[in-house]
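Good morning, colleagues. Please have the sequence and the model open as I speak; I shall begin with a contact between two chains and then turn to each chain separately.

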Amino acid sequence: MKKTTLTLSILAVVSILACATVSKMSTTVLEKQGVISEEQKDSIDKVAVAVEHSFEDLTEEQEYYLGRSVAAKILNQYPAYQNDRLTTYVNKVGTAVSYTSDRPEIYGGYHFLVLDSEEINAFACPGGFIFITRGLLSTCRDEEALAGILAHEVGHVCAKHGLKAIKKSRLMDAFDVLLTETSKHYNQEELSKLTNAFDGALGDIVDQLVVKGYSRQQEYEADQLSLRYATAAGYAASGLVESLENMSASTDTGMGFFKTHPAPQDRLEQVRAEISSKGYGSSVDPARTKRFGQAVG
Amino acid sequence: MKKLFLPILLAVLIAAGVMAAETLKVTVKTTKMRSSPKFYAPAVTTLNFGDSIQKIGEQGDWIQGLTTAGLQGWVHGSAVEEPSFSLTARRTSGTGTTADEVALAGKGFNEQVEQSYKKTANLDYTWVDRMSQISISEEDMERFFKEGKLGEYGGGR
């Protein structure tokens, strides 16, 4: 009898672990039938929840493909600013702060592009596609400020804030296909289901990036990451302070960045407290300011 | 005999875990194995998604490894992962066995899904493709760090 109970328990655990959609009901039934103890039920529930949560955790490759299409949607609304020298410079600053980030190597690497818009805004798409508008760039007085902004956007990518905007139902639909299909090439029905989930997920991310904005907490987190990444690269912590002060002084407060971000004044308070508590340095090298002027000015 | 079964099974699983821990798989599309543990160090070779390296050392976030061709160098820890065999691993493949990034390669939201989406979305990917091509060489990045007194040339790490 003991052997049967043990086998049943193992089978129960394995099936629960294998099925992410399982509800706690299954373990409750098993507990009531005396197949597993209350303690075992609790521990299985915890693992099952962990597996369920992991469905939010897309592979880097999937993040990359989502990011490509989110970037395409952004570029559908904002044209690219065609200036090779400026593009190269912005990519150097962005790459420098990505080196000291939590995810310096991502599937397709980080890529930065300036958008030809007067609106003050920046977007971080999953997979490392990062945009800054000419309007926001024009509020920067030096490389430190630009590094602070780009490190903030890299922070959103590292913390996967864009992916967190995807509704769970889309992921469940997508992973439903993924779990039942071992082939990498999908048939029409599977492809249609995945494409619908993909479309929905893109909508969720773009809505977050362009319309609603990230949560206040996510913005503060990206500010903290920005300070850590930029100062680790050697930039002055004052860069982010300066960029927030400049935004705060801007008169264009009704759209773009101001619509989707907490007020710069609120963020400034948090950023100053973080700099003070971590003891981040604020030494600006004139060579950086000079090259900023040459590339941006 | 039965009493021996569980300890033997555990020993095999632990040994497999130890052996697997030494082999790492590349999880990014492409990365460089470098001659020293820094991003702008000269490349020893290029590694692609799914390639294996044998871990022989580490320094900070960098892993010292050997390629299957016997080349030795450094890769950043964020570009590789240990293949996972645990029952409670974060992802589960369609075969019922647990899997990792590499085992899930090409599945889910992939190029086929992007192509399918493109047909209905009427979106232009020209600039996304151009953006993906932007690449700054190691030499240019080192010059940028040196000139701007960044990283090891200034106040960074």
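I begin with a pair of helices. Lys92(A), Thr95(A) and Ala96(A), in H5(A), meet Met141(B), Phe144(B) and Phe145(B), in H4(B). Two residues are in contact here if their C-beta atoms, placed from the backbone, lie within 7 Å. Helices (H or I, at least four residues) and strands (E, at least two) are DSSP runs, numbered from the N terminus. The residues of this contact divide into four nonpolar, one polar and one charged. In that count, Ala, Val, Leu, Ile, Met, Phe, Trp, Tyr, Cys and Pro are nonpolar, Asp, Glu, Lys and Arg charged, and the others, Gly among them, polar.

Before I go further, a note on the source. This is a predicted model, in which local features need pLDDT of at least 70 and side-chain atom pairs count only at pLDDT 80 or more, while totals for chains, interfaces and linings use all residues. Residues are numbered from 1 along each chain as its sequence is written, and chains are lettered from A and ligands numbered from 1 in the order in which they are written.

How do the two helices cross? The axes of H5(A) and helix H4 (residues 138-147) of chain B come within 11 Å and cross at roughly 80 degrees. H5(A) is therefore roughly perpendicular to H4(B), a term that covers angles of 65 to 115 degrees. Axes are lines fitted to C-alpha atoms, for helices over the stretch in contact, and angles run from 0 to 180 degrees between N-to-C directions.

I turn to the sheet of chain A. Three strands form an open, mixed sheet in the order S1-S3-S2. Its edge strands, each pairing on one side only, are S1 (111-115) and S2 (122-125) of chain A. Strands pair if DSSP finds at least two bridges between them. S2(A) and strand S3 (residues 129-133) of chain A run antiparallel and are joined by four bridges; Ala124(A), for example, has Ile130(A) in S3(A) as its bridge partner. Helix H5 (residues 84-99) of chain A packs on this sheet, touching S1 and S3 of chain A.

Finally, chain B. Val80(B) lies in strand S7 (residues 80-81) of chain B. Is Val80(B) buried or exposed? Val80(B) is buried, because 24 other C-beta atoms lie within 10 Å, and the cut-off for buried is 20 or more. Beyond residues up to four places away in sequence, Val80(B) touches several residues, including Leu24(B), Ile53(B) and Val75(B).

Note on methods
Buried ≥ 20, exposed ≤ 12 C-beta atoms within 10 Å, placed from the backbone. Parallel < 35°, antiparallel > 145°, perpendicular 65-115°, else oblique.
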